[in-house]
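I opened this notebook to record what I looked up about side-chain contacts.

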Amino acid sequence: MKTLKVAIEGCCHGDLYKIYKEIPASTELLLICGDFQALRNTSDFQALNVPEKYRRLGDFQSYYTGKNKAPVLTIFIGGNHESSSYLQELKYGGWVAPNIYYLGQFGSVHYKGLSVCGWSGIYSPHTYMNRSFNVEKLPYDPSSIRSVYHQKLPIFLKMYLKRDVDIVLSHDWPVGIEQYGNKQKLLKQKPYFTQDIKKGQLGSPLNKVLLHHLKPRYWFSGHLHVKFEANVNHNKTESKPVRNVNEISLDMDSSDGASDEEDQQQKKIKPNGHVGHDTHFIALDKYGPRRCYFEVKDVPISKSNNYLSSNDDALYYDKQAIAINRVIERYIIDHKTEFESMSPREVLRNQTQFDKFIPLVEKELEELNQLNDEQFKIPRNFGVVAPADYDGELKYFPNDQTKEYCHKFDIPPPNL
């Protein structure tokens, strides 16, 4: 069976040059699980939620300006320490530099037959439960500079509607994932995780729902700065010692650090046909000496049709993800009151409120399937928008990649 040599990296924190230097020359694809820090200029510090003493441009600017070029195709998601204004400009994904592709708030792409899906940010119970659907506006205040990267109900819905995924990227872990790996070893390395695990707060309850619903072959995460592996047998998850949802408080406070809460009931939408394989979960550390920050996998390619198993070096949009973006973004506009009446708390326990979107996505997908597959090849259309020497008041720089994507696929543009 054909395989793709994939390197997975945990948290980048701007150390691109050293990461590229360390990964094997034979690597065909690099996946980075958040805290990428695509800082173009010093103005972007105003969109970065880190203590001032940790502010540094890092290596990214040299890739942004073209001084350096990524030696391997790199795909990443956002975490909780990002240049948030830049990533907002690329809500649906796009090139942040030549050969470096951001998946977006939610995104899915195909490369040489492999499907890579992911979503950016982290879970915060306060933001999620407060039904925060609005786009944060500049300038960011102490609250919005955090909530801008918190995951919200519409993006969770988009992820839930996805089907047939090989790899999922998330910054924070799924709640309960420690039950499927060597928990004792994890706690020896990170003893302060103990209380979070007891409370069902080590990770995201949204990611737990998605893990058991999407059943990808691989799930990669960062955030907690430790390497941890687990194997989830979806045919046996019922027997695992997962706490009852009714024992969990869905209003518990959390910080942007390690973790959050618990939940979930088995979903009612069946689905992907991924029944019979396990999900291999890998979490990795941030870059640094003596840290386990990357791993290389020979990932089997199991797809067979031309669109999914293209032998060229092009990156392709996922048709289903486009259909999902169409449906949800239009629905939010056309049925705003109805959409905002959804209970985030109830959705976390039971996703049947999502059922009505399935036929809508299928209808859009039928239309997209009429297009030639070449229409879904992602153009290499990166351009420098924000000057690298800009040091003024933080502002959005409209990005032609977003404009072209929205125009081509009839998707509402971001409300920045």
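I count a salt bridge where a side-chain nitrogen of Lys or Arg lies within 4 Å of a carboxyl oxygen of Asp or Glu. The model is a predicted one, in which local features need pLDDT of at least 70 and side-chain atom pairs count only at pLDDT 80 or more, while totals for chains, interfaces and linings use all residues. Residues are numbered from 1 along each chain as its sequence is written, and side-chain values use heavy atoms, with hydrogens and water left out.

**Salt bridges**

I looked up K336 and found a salt bridge to E340, with the closest N and O atoms 3.0 Å apart. Because K336 and E340 are 4 residues apart in helix α11 (residues 336-340), about one helical turn separates them; helices here are DSSP runs (H or I, at least four residues) and strands likewise (E, at least two), numbered from the N terminus. For accessibility I take buried as under 20% relative accessible area, exposed as over 50% and partly exposed as in between, with a 1.4 Å probe and protein chains only. K336, at 42%, is partly exposed, and E340, at 27%, is partly exposed.

The count comes to 24 salt bridges. D298 and K5 form one of 2.9 Å, N to O; since D298 lies in strand β12 (residues 294-300) and K5 in strand β1 (residues 3-9), the pair ties together parts 293 residues apart in sequence. I also noted a network of salt bridges that links R326, R330, E364, E367 and D410.

**Rings**

I pair rings of Phe, Tyr and Trp (its six-membered ring) if their centres lie within 6.5 Å, calling planes under 30 degrees apart stacked, over 60 edge-to-face and the rest tilted. The structure holds 28 aromatic pairs. Y20 and Y63 make a tilted one, at 5.6 Å centre to centre and 55 degrees between the planes, which links helix α1 (residues 16-22) with helix α2 (residues 60-64) across 43 residues. Both Y20 and Y63 are buried.

F36, F60, Y64, F76, Y86, Y102 and F382 form one aromatic cluster. Over the face of Y86 I found R40, at 4.0 Å from the ring centre, the criterion being NZ of Lys or CZ of Arg within 6 Å of the centre and within 35 degrees of the ring normal.

**Cysteines**

With a disulfide defined as two cysteine sulfur atoms within 2.5 Å, I count 0 disulfides. For C33, the nearest cysteine sulfur is that of C11, 7.8 Å away. C33 is buried, at 0% relative accessibility.
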